[in-house]
Every structure is written in C-alpha cells, then in structure tokens.
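Biologist: I am new to this structure and would like to learn how to read it. Could you take me through it one feature at a time, giving the general idea before the case at hand?

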Amino acid sequence: MREPHIDYAEVFRALPGMVALLTPDLVYADANDDFLRLAGRSREQLLGRYIFDVFPENPNDPAAAGMRETEASMLRTVSTGERDTMALLRYDIEDPQRPGLWQEHYWSPVNAPVLGPDGKVDLIVHRVEEVTELIRARGDAGGDARGGAGEDSRARVLEAELYTRARELQEVNERLRTAHAHEREVALALQAAMLPSPGPTGSHDAAVRYRPAIGALNVCGDWYDLVGLDGEGLAVAVGDVVGHGLAAACAMGQLRSALSGATRVADGPAEALEALDRYARSVDGAESTTVVTTFIDWDDRTITYSCAGHPPPALAHPDGTVTFLDGATDPPLAARPVQVPRPQARTPFVEGSLLVLYTDGLIERRTESIDTGLERLAESLADHRDLDPETLADALLADLLPPAGNTDDTALIVLRL
C-alpha cells in the first residue's frame, strides 16, 4: 500500500490552536490560520517582521512585563535548545482597526525549538493558548441564578489569587535562572584557572580532557597537572576530591597547587605525596582524596610513580599490550590517623609508548567491578594506540563514557612517550 503524500505546510496551517514559527532573531517565519484569526492579523502583517513590532507592549500598563518575559523565554529556547513553558501571562493587544485601543488578553505560551542538521536552533515553535474568555467566564460564573453575588465575589478573588501566584512563580523562576547563570559563570572561571591547557612537553605530545558529571556545574573535584622537572624530566598527575560543585573545586584547587609545588622540590613521587598528605589534613573537604603522580625520566626511559588510593595509570606499549602501574598503591590522602612513608615504584618504557592517567569516572560503573572497567580501557587503548594523543583522548571518551552521559566527573591525560 502506497503511503499517502502529506503536505506538511497545509497540516501546519490547519493545526488547531495558535501556532507560529519564528527565527532565532524572533522574526515571524509563518503562522497557522488560528493564530492569524485569533490575533487579528493578516499573514502579510506578520511574516518577516519582528514579533514585538507586530505586538508591542501596552504602554498604558506600567506593571506590564509580558514582552520582557516572552522575549526571555524565546531566547532561552534558542540558547538551550530546550522547550520553555511560561506561566499564565497577561499581554494586551492593540486593536488593529482602532489604534490606541488596547484589549486585555491572557495567554498560556510554550516555546519549543526546531533543530537544524548542525544541532542548532533553526526555528522557534511559539504555541499560545488564549485563556482570556476562561478567565472572564470564571469571574462571571457566580452571577447566574445558581450562584449569586457572593459566589461571584469568591470566584473573582480565587481568579486573582491564581493569577498572582502564577506571576510570583514566574518571578521566582527568573531569579533562580539568574542565580544559576551567575554560579555557572563562576564555575567556568574556576575551571579555566585551575585546569589550564598543558604547558610545553618538549617533543612529546599530550592531550587533556575534563568532563563534569551530568547535571553538575562545569567544575568538580577532579584535576590533572603536568609539571616540568629539573633535567627536562616531566611529572604527570591526576587527582579526585570527593564530591562535586564549587566546594569540591575549591579543595581541588588547593590540593592541585600544593602538589604542583611539592613536585618541584621533592626527590620523587612518594615524597611529593607525603607532603601533599600533610597539607590535605588542614584543608576542609580534602579527606579521602585520591591522587596518582608519575615522574618521567627521558634519559633512562623510566616512569617512577606513587598512588594514593587512585586507579592505576595505564602504559600502552607499541605492540598493543597494556600494563597498569599498580606496584605502589597506598590509601587516599589523610585516610590514616598518622602519617607514614608512601611507596613508589619504577618501570621502564620504550619510545612510542602511551601513558594514560585518568579519574574513576572513566572506568567505574555501579553495576560492574573495577576490573571490567580496566579491561575496557585496555581494549580501547590497544585499538587506538596509533592515534595522536588528541584524537586518542576523544576516542577513549567515546568508547568508555556511557552514551547517556557520565554520572561521575572525569579527568583524562594522554601522553606520547
């Protein structure tokens, strides 16, 4: 059976209810028949025109905020690519036949995105339900024979209360959005300051990646660091503070800076972690932080490492085998009641190998053992070992992070040895 041909332009025009299409610049691209009829405008009066030129705000109502709220909702849809449902809104319309005469109207608007092939918003679907008659009918319902003046008064009070609460809810939501936007700006500034791009690593290419958990701000307790050592050596470290958000990020920033400083004067990674352990005992929120640091000696081609409760670094060899550096593992920072010396181990590498440090968000799943995650990491490294670090880092994230998004923060560093 042949599928029927569907003229979607005609379907759009015949849709019940008021629906219009606007560009991201809030210019009318189309409107269905109900929109034109109920708004009292012709197609020629709408298409190609800015929405608030066609429907300006009532200048006689100093308390009106309909234009500002409608514009904010539409721009949120453009910026987020998500549907935005507005609270009950009063937005008066000027009579097109009698300029200067404004008619009271109440609306229930929804703005939804239409995404283009590039994932960006191409159009806004602006659907509005006019509830003016409903508002008036509820206010007048008490005046019939069944009600009376008292019922009419109660209905009007209830309607006023409902409208007031809807406006208050809209204002609270706007304040929350403003506060969230400010906190996000602070988070982004912190991320840029505390997790910069890697500095010079000589002839050895490096790539870093950072992915916050779903629903988190763009900062967390995970960090990475590369520090140049005397004699052209290099120290590479990753760490993970318990928790998410600004508090974890602040503790992370202090620990990252302390380890960076200790690394420059320590004789080895174990001594650097011992100094960090002493410092962590004085930092709020630093308890149980995990961290691993590696010292790379290019001359004798060895990696010396020490681990404080952190998943082991992976060393991928040119032949495709993968070794996990788990020979010097100790409890997390500030986990012991008293401080004791930390272990360190050394392993050789050959030119062309890859060193990969990461946080547990890359490998751990709540329904799996950590060994399963490590095996998955080893397989992905073996498959992509010939890629450059930048491309390899993206491949690891694509292979290992859940398609629906990571539920834990993830930091990753890939270094070609």
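Modeller: Let us begin with surface area: accessible areas come from the Shrake-Rupley method with a 1.4 Å probe, and for residues only the protein chains shown count as cover. By that method the protein exposes about 21,300 Å², of which carbon and sulfur atoms supply 52%. Please keep in mind that this is a predicted model, in which local features need pLDDT of at least 70 and side-chain atom pairs count only at pLDDT 80 or more, while totals for chains, interfaces and linings use all residues. Residues are numbered from 1 along each chain as its sequence is written, and side-chain values use heavy atoms, with hydrogens and water left out.

Biologist: What percentage of the 417 residues do buried residues make up?

Modeller: A residue is called buried under 20% relative accessible area, exposed over 50%, and partly exposed in between, with a 1.4 Å probe and protein chains only. Buried residues make up 46% of the 417 residues here.

Biologist: How many helices and strands does the protein have?

Modeller: Helices (H or I, at least four residues) and strands (E, at least two) are DSSP runs, numbered from the N terminus. The protein has 11 helices and 19 strands.

Biologist: Which residues touch the most other members in the largest nonpolar core?

Modeller: In soluble globular proteins, nonpolar side chains tend to be buried together. A nonpolar core is a set of buried Ala, Val, Leu, Ile, Met, Phe, Trp, Tyr and Cys residues joined through side-chain atoms within 4.5 Å. The largest one here has 24 residues, and V236, I296, I303 and L417 touch the most other members. Strands β9, β10, β11, β12, β13, β18 and β19 each give two or more residues to this core. Leaving aside neighbours within four places in sequence, L417 is in contact with residues including I296, W298, I303, F349 and E351. Apart from this core lies another, of 22 residues, among them L22, L26, L89 and Y91.

Biologist: How many salt bridges does a search of the whole structure find?

Modeller: Side chains of opposite charge can pair when their charged atoms come close. The term salt bridge is used for a side-chain nitrogen of Lys or Arg within 4 Å of a carboxyl oxygen of Asp or Glu, and the search finds 17 of them. One of these joins R301 and E351, at 3.2 Å from N to O. Because R301 lies in the loop between β12 and β13 and E351 in the loop between β17 and β18, the pair ties together parts that are 50 residues apart in sequence. R301 is partly exposed at 37% relative accessibility, whereas E351 is exposed at 57%.

Biologist: Which residue forms a salt bridge with E368?

Modeller: The partner is R376, the closest N and O atoms being 2.9 Å apart. E368 is partly exposed, with a relative accessible area of 32%, and R376 is partly exposed at 22%. Elsewhere, salt bridges that share partners join D277, R281, D330, R336 and R342 into one network.

Biologist: Which residues of helix α10 are buried?

Modeller: An α-helix has 3.6 residues a turn, so residues three or four places apart point the same way. In α10, the buried residues are G373, L374, L377, A378, S380, L381 and A382, and their cover includes β14, β15, β18 and α11. The expected span of a helix is 1.5 Å times one less than its number of residues; α10, with 15 residues, reaches 21 Å from its first C-alpha to its last, close to the 21 Å expected.

Biologist: Where is A334, with its positive phi, found?

Modeller: A334 is found in the loop between β16 and β17; its phi is near 55°, a positive value in a residue other than glycine, and at 18% relative accessibility A334 counts as buried.

Notes. Contact = heavy atoms within 4.5 Å.
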